[in-house]
Amino acid sequence: MKVELKGYNEQYKQGVLACLKNNYPWMAEMSDEELYQWAMPFMEYEWKEELPDEIREFQHGIVFLAGQQVVGYLGFIYAKRHWQGYEYIYQNGTTWAVNEGYRIYLFKALKRANGLADVLGDFSPIKSVEETLTKVFKFKYIDRKVYRFYPVPCFREKLTYQVIRDENDLADEVLKTEFHDHHPYGVCCLRISDGKKEGFIFYRVKHRLWKKRKIFRKRRSILIVLKLTNPDLFYDHYREIVWHLQEGEHPYVEIDPRFIGSHSLNGFGIKGKTVVRLGLDKTGRDIPIDLLYSEEAIMP
């Protein structure tokens, strides 16, 4: 049977949920309502800057249709972004599910979806998707590990900190838009200054369960740095900054090495965690790829 590729909309909701349950055992254990609450961030998101018409059709993903049946779904997050005065379309891959027998259409769907964006990122691909993106679509590895900081007290306070609570507290229009779009998902922004220069850190705390434990499945929190505007300031004071972020909950703090440029971090309380961070910049401008407008920023 011929398979059609359509942009996701409300009429395909139940079919997509059924497809997700068919491909992920842990999703099959959830009710439709619970699963949709989990998937809602990438199936309903809207941003301050509206996307072009040719992208809006596929904004919330691509549906594979065999007749009237949904047999596949590829989720994406698209956003209009700016870097040094240049406007571009960014795309981040989210949850994908394609039933057996229909995965031969994956290449066609990815080609269409990837053609809509200038800069692309994928931060949690399974092995088969990782191979497809790198070998076929020429994605590059932009990081293979993240720094994870464990709580190490630092009682020197050389910096001043300001929690951004309203977008109007930010003078930069790009940062203002990024805060506006992400704050509803629990993303925080912190202004840091040493009196001469300043920087901003966007971050989000995720609470996770120990999946392998049947009892005492204590929630553990991880603070994920999503964007860093001043790598040098962070590097010069990272012990103090990380401890400031950890105070209270004392969560682990994770940051991608590319966020701090050529600097390298090591020492007591810092470990490397293996990850897969893939990116593709079709602009030729070496636009940095952060974690905003991605599943890391908006998913539970």
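Q: At which residue does helix α3 bend by about 50°?
A: In this predicted model, helix α3 covers residues 32-44. A straight helix of 13 residues would span 18 Å, but α3 spans only 16 Å between its end C-alpha atoms. A proline, P41, follows the bend within four residues. The bend itself, of about 50°, is at W38.

Q: Which elements do the buried residues of α3 pack against?
A: Let's start with the residues themselves: L35, Y36, W38, A39, P41, F42 and M43 of α3 are buried. Their packing partners include two strands, β3 (69-83) and β4 (86-98).

Q: Which residues form one aromatic cluster with W38?
A: W38 is one of the buried residues of α3, and F42 is another. Both belong to one aromatic cluster.

Q: Which residue lies over the face of Y36, and at what distance from the ring centre?
A: Y36 is among the buried residues of α3. A charge counts as sitting over a ring if it is within 6 Å of the ring centre and within 35 degrees of the ring normal. The residue over the face of Y36 is K13, at 4.0 Å.

Q: How far is the charged end of R148 from the centre of the ring of Y252?
A: Here the charge belongs to an arginine, R148, and the ring to a tyrosine, Y252. The cut-off for such a placement is 6 Å from the ring centre. For R148 over Y252, the distance is 4.9 Å.

Q: How are the rings of F155 and W243 arranged, stacked or edge-to-face?
A: A pair of aromatic rings is described by the distance of the centres and the angle of the planes. For F155 and W243, the centres are 6.5 Å apart and the planes make an angle of 75°. Because planes over 60 degrees apart count as edge-to-face, the F155 and W243 pair is edge-to-face.

Q: How many residues apart in sequence are the parts that the pair of F155 and W243 ties together?
A: F155 lies in the loop between β6 (140-149) and β7 (160-163), whereas W243 is in helix α9 (residues 238-246). F155 is exposed, with a relative accessible area of 70%, while W243 is buried at 9%. The parts tied together by this pair are 88 residues apart.

Q: Is Y293 buried or exposed?
A: Y293 has a positive phi of about 55° although it is not a glycine. Its place is in the loop between β12 (270-281) and α10. The relative accessible area of Y293 is 2%, and under 20% counts as buried, so Y293 is buried.

Q: What is the relative accessible area of Q84?
A: Q84 is a residue other than glycine with a positive phi, near 50°. It lies in the loop between β3 and β4. Q84 is exposed, and its relative accessible area is 69%.

Q: Which residues does H180 touch, not counting residues up to four places away in sequence?
A: H180 is in helix α7 (residues 173-182). At 34% relative accessibility, H180 counts as partly exposed. Its contacts, by the rule in the question, are K48 and E167.

Q: What is the radius of gyration of the chain?
A: The chain has 300 residues, and a compact globule with that number would have a radius of gyration near 19 Å. The value for this chain agrees with that: 20 Å.

Terms used:
Residues are numbered from 1 along each chain as its sequence is written. This is a predicted model: local features need pLDDT of at least 70, side-chain atom pairs count only at pLDDT 80 or more; totals for chains, interfaces and linings use all residues. Side-chain values use heavy atoms; hydrogens and water are left out. Rings of Phe, Tyr and Trp (its six-membered ring) pair if their centres lie within 6.5 Å; planes under 30 degrees apart count as stacked, over 60 as edge-to-face and the rest as tilted. Buried means under 20% relative accessible area, exposed over 50%, partly exposed in between (1.4 Å probe, protein chains only). The expected span of a helix is 1.5 Å times one less than its number of residues. The bend at a residue is the angle between axes fitted to the seven residues ending there and the seven starting there. Contact means heavy atoms within 4.5 Å. The radius of gyration is taken over C-alpha atoms; the globule rule is 2.2 Å times the number of residues to the power 0.38.
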